[in-house]
Amino acid sequence: MRVMGVKLSKVPKLNPEDLTERETLLWQLIRELREKVGELTDEIARLKGEKEKPKIKPSRLEAKEKDSPPEADEASETSGEKKL
């Protein structure tokens with residue numbers, strides 16, 4: 001991972017329970033600053049006339065599959081078959 005031109009070999013995984021209040025605040029600040037940098041990078045690209053990152057919406061197909069009960073699918077498949 002590269003941060004501000006400095007290569008970091010490994011970023012340790014931190015347990016939130018082990019962090020002090022000050023460390024927690026610093027991590028929140030870092031997260032907010034990363035978001036702001038991303039927003040500003042997008043704004044600079046927009047002002048330069050470059051294309052923005054596409055905003056991709058989640059698939060609606062997955063939502064439909066989760067909403068429909070499995071019994072309805074089986075009934076629609078068997079209704080078209082002729083019984084002997």
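A: Helices (H or I, at least four residues) and strands (E, at least two) are DSSP runs, numbered from the N terminus. This is a predicted model, in which local features need pLDDT of at least 70 and side-chain atom pairs count only at pLDDT 80 or more, while totals for chains, interfaces and linings use all residues. Residues are numbered from 1 along each chain as its sequence is written, and side-chain values use heavy atoms, with hydrogens and water left out.

Q: In which order do the elements of the protein chain run from the N terminus?

A: The order is β-β-α-α-α, that is, 3 helices and 2 strands.

Q: Where in the protein chain is confidence lowest, and where is it highest?

A: Confidence is expressed as pLDDT, the predictor's value for each residue, from 0 to 100. Where pLDDT is low, the predicted coordinates should not be read in detail. In this chain, helix α3 (residues 70-79) is lowest, with a mean of 52, and α1 is highest, at 91. The chain as a whole has a mean pLDDT of 75, and 61% of its residues reach 70 or more.

Q: How does the reach of α1 compare with the expected value?

A: The expected span is 1.5 Å times one less than the number of residues in the helix. With 28 residues, α1 reaches 41 Å from its first C-alpha to its last, close to the expected 40 Å. Just after α1, Gly49 takes a positive phi of about 90 degrees.

Q: Which residue forms a salt bridge with Arg46?

A: Side chains of opposite charge can pair when their charged atoms come close. The rule requires a side-chain nitrogen of Lys or Arg within 4 Å of a carboxyl oxygen of Asp or Glu, and by it the count comes to 1 salt bridge. The partner of Arg46 is Glu43, with the closest N and O atoms 2.6 Å apart. Both residues lie in helix α1, 3 residues apart, about one turn of the helix.

Q: Why does Arg46 count as partly exposed?

A: Buried means under 20% relative accessible area, exposed over 50%, and partly exposed in between (1.4 Å probe, protein chains only). Arg46 counts as partly exposed because its relative accessibility is 42%; Glu43, at 33%, is also partly exposed. Buried residues make up 1% of the 84 residues in the protein chain.
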